[in-house]
Amino acid sequence: MESREEAELKTLTEKEKRYTRLSWLIIWATLGILGLVALMVFVGIPLMITMMAFVSR
């Protein structure tokens, strides 16, 4: 009985580890996407302004 319980606990911990890994991956992915968007905005707006200035000339 004890061995079965131990095995169950081990499987649970493994599942928890998998879930935590997935959650961390999701968090890092979201952070990366947000960072990319922020970079695009910060770099894109000045680029758009400069392009518009060149076009208007």
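In which helix is Arg18 found?

Modeller: Bear in mind that this is a predicted model. Arg18 is found in helix α1, which covers residues 2-56. The chain has one helix and zero strands. Its radius of gyration is 24 Å, well over the 10 Å that the globule rule gives for 57 residues, so the chain is more spread out than a compact globule. The box filled by the C-alpha atoms, taken along the principal axes, is roughly 85 × 10 × 5 Å. Within the chain, Arg18 and Gly35 are 17 residues apart, and their C-alpha atoms are separated by 25 Å.

Next comes exposure. Arg18 has a relative accessible area of 61%, and since exposed means over 50%, Arg18 counts as exposed. Val37 also lies in helix α1. The relative accessible area of Val37 is 47%, which falls between the 20% and 50% limits, so Val37 is partly exposed. Val37 belongs to a nonpolar patch on the surface, formed with Ile33, Val41, Ile45 and Ile49. Together these residues have about 450 Å² of accessible area.

The chain as a whole can be described in the same terms. Buried residues make up 0% of its 57 residues. Its accessible surface comes to about 5900 Å², and 73% of that belongs to carbon and sulfur atoms.

Note on methods: Residues numbered from 1 in each chain as written. Predicted model: local features only at pLDDT ≥ 70, side-chain atom pairs only at ≥ 80, totals over all residues. Heavy atoms only, no water. Patch = residues over 30% accessible without salt bridge, like charges linked within 9 Å, V, L, I, M, F, W, Y side chains within 5 Å. Areas by Shrake-Rupley, 256 points an atom, 1.4 Å probe, with all protein chains shown as cover. Salt bridge = Lys/Arg side-chain N within 4 Å of Asp/Glu carboxyl O. Helix = DSSP H or I, 4+ residues; strand = E, 2+ residues; numbered from the N terminus. Buried < 20%, exposed > 50% of the residue type's maximum accessible area, 1.4 Å probe, protein only. Rg over C-alpha atoms; globule rule 2.2 N^0.38 Å.
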